[in-house]
Amino acid sequence: MAIKQLSETLINQIAAGEVIERPASAAKELIENALDAGATRIEIATAGGGKTLLRVTDNGSGMTPNDLELAVRRHCTSKLDHSLFDIRTLGFRGEALPSIGSVARLSITTRTAGASEGAVITVTGGKTDPVRPSPANTGTVVEVRDLFFATPARLKFMKSEKAEAAAISEIVRRMAIAFPAVRFVLSGSDRSTLEFPATGDDRLARMAQVLGKDFRDNAIEIDATREDVGLTGFAGVPTYNRGNSLQQYVFVNGRPVQDKLLLSAIRAAYSETIPSGRYPVAVLSITLDPALVDVNVHPAKSDVRFRDPGLIRGLIIGAIREALTRDGDRAATTGARGMMQAFRSGSYRPQPWTPETSPSRPTQFDAMLRGLAEAPQASFTAFSTPSARTAAPIEREIPVSHQDAPAPASFPLGAVRAQLHENYIVAQTNDGLVIVDQHAAHERLVFEAMRTALHSRPVAAQALLIPEIVDLAEDDCDRLMAHVAEFARLGLAIERFGPGAIAVRETPAMLGEMDAVGLVRQLADELAEWDTANGLTSRLEYLAATMACHGSVRSGRRMRTEEMNALLRQMEATPGSGQCNHGRPTYIELKLSDIERLFGRS
């Protein structure tokens, strides 16, 4: 087969397949061009998730007619001379505009500050029309219509309009954090207007605009230098964490990147302080000599390569850990704020624990167990029978007498002998002892009961007297509302309450009283982490595990001897009860021979 030269249009379409993957990719390239042009105000308008319309307007330096004609030609750029080792701009390849023009209807209108009139050029499916005069303000307006109309096969791989619009929103958020002195406005018929006013040099104020005001109160400043590599930014305290990694932002010389090396370094820095399945919130900016980093390794420029990756990783881990040691042991203000609101509203009524009131006063634990007792194939009668609820008052300290306790040889997990620190159950077996984490163990039991109910019938729901209103980002609300029916099967009834809020009407009855706001936020985080285009059918059990974690008996809950023994019996009857839903062990067993060895008796 003979070798032949490809046409310029086909070459550009091939490049577009790498550079312009989706509307968000085009938005990123156009915003980068506006920033490189020195714009202080950038307005982005979309329709149809960016597939129908994507327009970026800036007040930058603009272009002359001659520059405009070259701008839509492949590998024509004003940002690169002769070397790739000193790149100080966001764009540098000269591929974005010709690539977009080859697969869409592209129009560029521009005017420089000293020009008497502007100029416009149009490119339709790779065909370029001559430059002609046009009225225009100083700056540039790039309008992209019918993206991928020239390559319709690519449209089949596009997600829903809401998903594509959300991807563009995320691009704008990242750019807004990187450039706090620039005002960003994102609007369109497919979204609510998103505006980030300029904050000048106050980077934390811009972060608060994007990440929420809670981040300002829970952020620790990072400022470190190692071998001429600077690291600045803010990292959240360990207790201020999220269910996904979407709020981890890293910038290299002002360029937003999603490099695995950098993200893994953040995870490693928090590895000993955040539970498995939770993610820290951090905004970090790395500054170094451009010759020490290669940004030309990915078509979308989202990955970079460092000359000394070990130095960068060590700097990030060391700086974050030093900051956490210095100021990271405080609790997140979100929990304190909720408690203060409870005090102000009068909904919190602390009552001293007494043996006389504990057995008769309804508790969240009792309500959960009664609900679980009604679930198919899930019996917790030991917790809810009248004999257990009306048992004789117990002493304030857990008794250590074994006279009325069951024989340890009767059960694999033995008989309860004590509760330590209101969190750990100590039981004696025939040949040793078992220490049980009461929260982890009950979390597993609740999950197994919920999973059984999920496969048999919808979970019973209880209506809230006053609906809980949860303020969320509009994208999170859209994700939640797309799965209303699936949540209803779990006993969670939600509805839209304006563009950025969710109203919780009902909660699962088997969980009793619960933190509905925290649960909805957790579910929103998990939906954002998963690709919602695939639905949640295969992940309903994981959501049930999340609910079980919120509804299980908590650490610090003083339990009666009957309750603890019943918990052990349910563990023995439940498959997989040796670990909780997060993979942590629910109990540890010590053989008598091991104990004797510790005391030198063997």
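Reader: Start with charges. How many salt bridges are there in this model?

Author: The count comes to 22 salt bridges. The model is a predicted one.

Reader: Give me one. What does Arg 145 meet in a salt bridge?

Author: Its partner is Glu 143, at 2.9 Å from N to O. Arg 145 is partly exposed, at 36% relative accessibility. Glu 143 is partly exposed as well, with 22%.

Reader: And Glu 170, which side chain does that one meet?

Author: Arg 174. The salt bridge between Glu 170 and Arg 174 is 3.4 Å, N to O.

Reader: How many residues apart are Glu 170 and Arg 174 in helix H6?

Author: Four. H6 covers residues 161-178, and the two residues are separated by about one helical turn. An α-helix has 3.6 residues a turn, so residues three or four places apart point the same way.

Reader: Is Arg 174 buried or exposed?

Author: Buried. Arg 174 has 9% relative accessibility, and the cut-off for buried is under 20%.

Reader: Which residues are in one network with Arg 174?

Author: Glu 170, Arg 173 and Asp 475. Salt bridges with shared partners join these residues and Arg 174.

Reader: What about Arg 560, which partner there?

Author: Glu 563, in a salt bridge of 3.2 Å, N to O. Arg 560 and Glu 563 are both buried.

Reader: Switching to rings. How many aromatic pairs does a search of the whole structure find?

Author: One. Phe 215 and Tyr 240 form it, with 6.5 Å centre to centre. The planes are 50° apart, and the pair is tilted.

Reader: Where do Phe 215 and Tyr 240 lie?

Author: Phe 215 is in helix H8, residues 213-217. Tyr 240 is in the loop between strand E11 (229-236) and strand E12 (241-242). The pair therefore ties together parts that are 25 residues apart in sequence.

Reader: Now sheets. What is the strand order in the open sheet of three strands?

Author: E22-E24-E23, with antiparallel pairing. Strand E22 (461-471) and strand E23 (493-496) stand at the edges. Each has a single partner strand, so one side of each is left without a neighbour in the sheet.

Reader: What does the twist average there?

Author: It averages 20° from one strand to the next.

Reader: How many bridges pair E23 with E24?

Author: Four, in the antiparallel sense. E24 covers residues 501-508. Glu 495 stands opposite Ala 503 in E24.

Reader: Which helix lies across E23 and E24?

Author: Helix H16, residues 474-481. H16 runs at about 130° to E23.

Reader: There's an open sheet of four strands too. What order?

Author: E19-E20-E21-E25, paired antiparallel. Strand E19 (415-420) and strand E25 (587-591) are at the edges. Each of these has a single partner strand, so one side of each has no neighbour in the sheet. Neighbouring strands of this sheet are turned by 20° on average, direction ignored.

Reader: How many bridges join E21 to E25?

Author: Five, and the strands run antiparallel. E21 covers residues 432-437. Leu 433 stands opposite Leu 590 in E25.

Reader: Which helix lies across E19, E20, E21 and E25?

Author: Helix H20, residues 561-573. H20 runs at about 115° to E19.

Reader: Last one, helix H9. How many of the ten residues are buried?

Author: Seven, so H9 (residues 260-269) is largely enclosed by the rest of the structure. Among the buried ones are Leu 262, Leu 263, Ile 266 and Ala 269.

Reader: What covers the buried residues of H9?

Author: Several elements, including strand E13 (248-252), strand E16 (282-287) and helix H10 (309-327).

Technical notes:
Residues numbered from 1 in each chain as written. Predicted model: local features only at pLDDT ≥ 70, side-chain atom pairs only at ≥ 80, totals over all residues. Heavy atoms only, no water. Salt bridge = Lys/Arg side-chain N within 4 Å of Asp/Glu carboxyl O. Buried < 20%, exposed > 50% of the residue type's maximum accessible area, 1.4 Å probe, protein only. Pairing = 2+ DSSP bridges. Axes fitted to C-alpha atoms, helices over the stretch in contact; angles between N-to-C directions. Contact = heavy atoms within 4.5 Å. Phe/Tyr/Trp six-rings, centres within 6.5 Å; stacked < 30°, edge-to-face > 60°.
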